[in-house]
Amino acid sequence: MHYFIGHLGHLFVIISFVAAIATAFSYFKATNTSDLSLKSQWLINGRVGFYIHATAVLGICVTLFAIISNHYFEYHYAYSHSDKKLPTYYLISTFWNGQEGSFLLWMFWHAIIGIVLIYVNKFWEAPVMTVFALVQAFLASMILGVVIPGIEFKIGSSPFILLRDALPDPIFKIQPDFIPEDGTGLNPLLQNYWMVIHPPTLFLGFALTLVPFSFCIAGLWIKKYSEWIRPALPWSLVAGAILGLGILMGGYWAYETLNFGGYWNWDPVENAVYVPWLVLIASIHTMITYRNSGTALKASMILVIMVFVLILYSTFLTRSGVLGDASVHSFTDLGLSGQLLIYLFFFVLIAIVFTTIRWKQIPITEKETAVWSREFWIFIGATVLCLMGFQVLIPTSIPVWNRFIEAFGGSSNLAPPADQLTYYSKFQLWFALAVGLLSGVGQFFWWKKMDRKVLLNELFVPIIASLLVSVVIINVAKTYNIGYSLLLFAGLFTFFSNLKILYSVLRTSPSLSGGAVAHIGIGLMLIGIMFSSGYSRVVSLNNTGMLISKQLSEEFNRENLLLFVNEPRTMAGYDIEYAGERVEPRNKKGYVDKNDIETTPDKHMVIARRDIYIDGEKIFIKGEKFEIFGENTFYEILFSQGGKHRFTLRPRLQVNEQMGTVASPDISHAIGLDLYAHVSAPMTEEAREDWKEREEVRVKRAKEFYVNDYVAVVEKLTRLYQIGDEKIDSTFVAIQASIKVQGERKDYYFQPILILGTNSRGGIVPDEIGDLGLKISLMNVHPESDGLTLGIQTRQKNWVVIKAMEKPFVNVLWIGTLILMAGFGIALTRRFREFSKMKAKGQE
Amino acid sequence: MKKSHIFIIIVIAAAIGVIISTAGDASSYVTFDEAHKMAADGKSQSIHVVGELKKDGQGHVVGIIPGADQVSFSFIMIDDNKTEQVVIYNEPMPQDFMRSEKVVVIGGYSGDTFVANKILLKCPSKYQDQKLNAGI
């Protein structure tokens, strides 16, 4: 038992909590003291406090990681999130797999950003860091794991809790020092490279939103109502880029790993980051407006505050267990709901108090915003973004609403919309349309002084271009859906307008091109989204005509297809053939046919039944034991289009202990089109065991015969002296027949065994191959005639039900995302230069 | 009235519109009897019914009829009021369906059968506390 490291970790947690409170207090004093020498003393206190805090946070991370990487399974965190098989990079993702670890990740980023802020923004240090330290104190309290004596109230859930304290297993009563041999492992679904980089990116995005919020509160607090925007804006830009990137990484992971057929499912957990991001983007727009024309200050404040409050709200949604049945992948309830609510309300209260007290003093512009001004259009854009978020926020909050009603003794049976995808798309489409049009038009207003004539002049080329391209695409794709067609037009319009603007900006001032580039990215994203969902086509339409119930046949539009192994099917222009089940060796590249291996009690270990070749290279010899990814089965499916464009997809089924059986798609990426296929139903166990009555046939050695329409031959008979690891008693004789059966694509070998006892009954060990639907038993041998009796049983050949879809131009979405990020990058570079100049003048 | 006031009114109207549409499109948790009544009254919206699969004395699920081509199936579900109902699902059987302890079907009545568009499962492994695989 390694007690020390856990105690050390827990000590670090307590230090980080206490230090955060002390830091907040010191910085608070430093902000509110007018005496300069006292102020600088408090500042030093605060700074030292924050350094201690940051060191402690680093200490927690190091100790927790040491526990995981040294496999100290006496600790609950290591036991329930990792195992000895995991390679290092997945051990790292184990770190934030649990709820405690993800809080820790969040704190870690705050600590880093806090240190950066202390270094770069001396003027704002005291008030900004007060907010920072308060947030850190709340986060540290989430992993505190301290029980207040007397009232038995538990604060936080510690990642350093011992397994025996977390799991009340009887073994700990008998043997308190019991340490399990191995952990339960990381959810195999998360053993994916995106899960190594997606959570840190997302949490960095979360953490970054705290910076503009802190600056805003600081501005209200020390009555620098407008000055806070300049230092806050670059941070908002970074936050927008990182959070957006994190969200799309999650989308890409879902696209590759989950089987709902897309990258976005409007799951509450996804919505919980989507909404703050939209508002964050809106706040960036109002902040830029303010920096340029001095309008929209109050709006900027409200939006910046809203972003952070929404981040806190989404933390509450995903971690309090309130979503319960509404989401597949929210965290389990650690009993922190109360604490999370206090966290949320505390900062809501601070924000409300500061804004109401100072509201009257916040400067406003007297002049009315004109319709032809750029401020007006940007403000409209920001409003649309906020409403877009609001529309998602309301239905996502239905479970919260139900809880709320129940808390007051009522009852509410409101359920989230039945079909999330259709429901949200229906509304979001029109918001996206507005965003597309506005980011085209708005940009012209931004760069030029507008009146009717100039506007028409500017808009003429982009409108004509987008109209032409839309008409061409709509007619080529033959999808005449009004909504999608309009969205396509809007996306193209944004794209062309901003291309035009980019062209003129690049000639005059390239450093200002960030906005145009970012909006080009948005245009492409809209086009990509529209293509991949609007023009997605189910390839696996069921054309068998077999129905379960005649009365419903009208409504039945089944999109799944039953495939038997080695039986080609043609549909929607594709020749599809199911080639059978495969497993993946752990230490070799490639896939191995399940018919070629024998399983062992350990699901990760198998034995080769024959020499196994991959790409012509022999990788395992007959009888060799090797390791596989035991939880995964791949279903090899061959696609071709009239003999051309051959490709193989291997959608996966994973028996996942935490989540049940999970189907993951396999995707064939091409420039213009992704083909996406996943298993929708594997062969059932009942169907696998549904053997027909045994028929006996008498055959001769080395002479061909037919079984179930396949040509077969008994190649040899061998006497066995051991079966597997079992030695055979001398009172028994074991004979193994080697029978070659010519399948559609390759030869299969059956090796049934007959055991004859001299003074007791023997037995038969049949051999089966599911790809052929055949089970052969050796019933008897007749040495006198060189013949033998075989027992033949048949069933349906192995099958699988799949769903396949064409997703055109998904790549446009990913390319658009990258361009959007580039736009953020350019804008950021510009703001950073500005900041450096100001710093050189001593004004930051 | 200033333009900004008109603007605020429009935004508020849009927000209220969103809330009302949410309330209108939101589904609800009901029993089979209520769902049947709703269908009879001509309300065709999709609803959620919570229940479990019908099991025999030994705890085996009964009443499953797979479609001939394995891409659809029907089953018997018992809701919280102990009402039995045949449910048809237009998709292959979800993985782990048979070992689910609670089923939520989302869909509506078509005649006397309930047609599910979506099935949510609650499986024991996901909700029960894990057991220690002590291996001794």
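Which residues does Glu91(B) touch, not counting residues up to four places away in sequence? I began my notes with this question, keeping in mind that the model is a predicted one.

**Entry on Glu91(B).** I looked up the contacts and found that Glu91(B) touches Asn560(A) and Ser680(A) in chain A, as well as Ser72(B) in its own chain, with residues up to four places away in sequence left out. I then checked where Glu91(B) sits, and found it in the loop of chain B that runs between β5 (84-89) and β6 (102-110). For Ser72(B), I noted that 19 residues along the chain lie between its position and that of Glu91(B), while their C-alpha atoms are separated by 4.6 Å.

**Entry on chain B.** I next turned to the chain as a whole, in which I found three helices and seven strands. Reading from the N terminus, I recorded their order as α-β-α-β-β-β-β-β-β-α. Chain B has 136 residues, of which 26% count as buried. When I took the contacts in chain B between residues at least 6 apart in sequence, 47% of them turned out to join residues at least 24 apart.

**Entry on helix α4 of chain A.** I also looked at α4, which spans residues 88-95 of chain A, and listed Tyr90(A), Ser93(A), Thr94(A) and Phe95(A) as buried there. Among the elements of chain A that cover these buried residues, I noted α2 (36-69), α3 (76-81), α5 (99-120) and α9 (193-221).

Notes
Residues numbered from 1 in each chain as written. Chains lettered and ligands numbered in written order. Predicted model: local features only at pLDDT ≥ 70, side-chain atom pairs only at ≥ 80, totals over all residues. Buried ≥ 20, exposed ≤ 12 C-beta atoms within 10 Å, placed from the backbone. Helix = DSSP H or I, 4+ residues; strand = E, 2+ residues; numbered from the N terminus. Contact = placed C-beta atoms within 7 Å.
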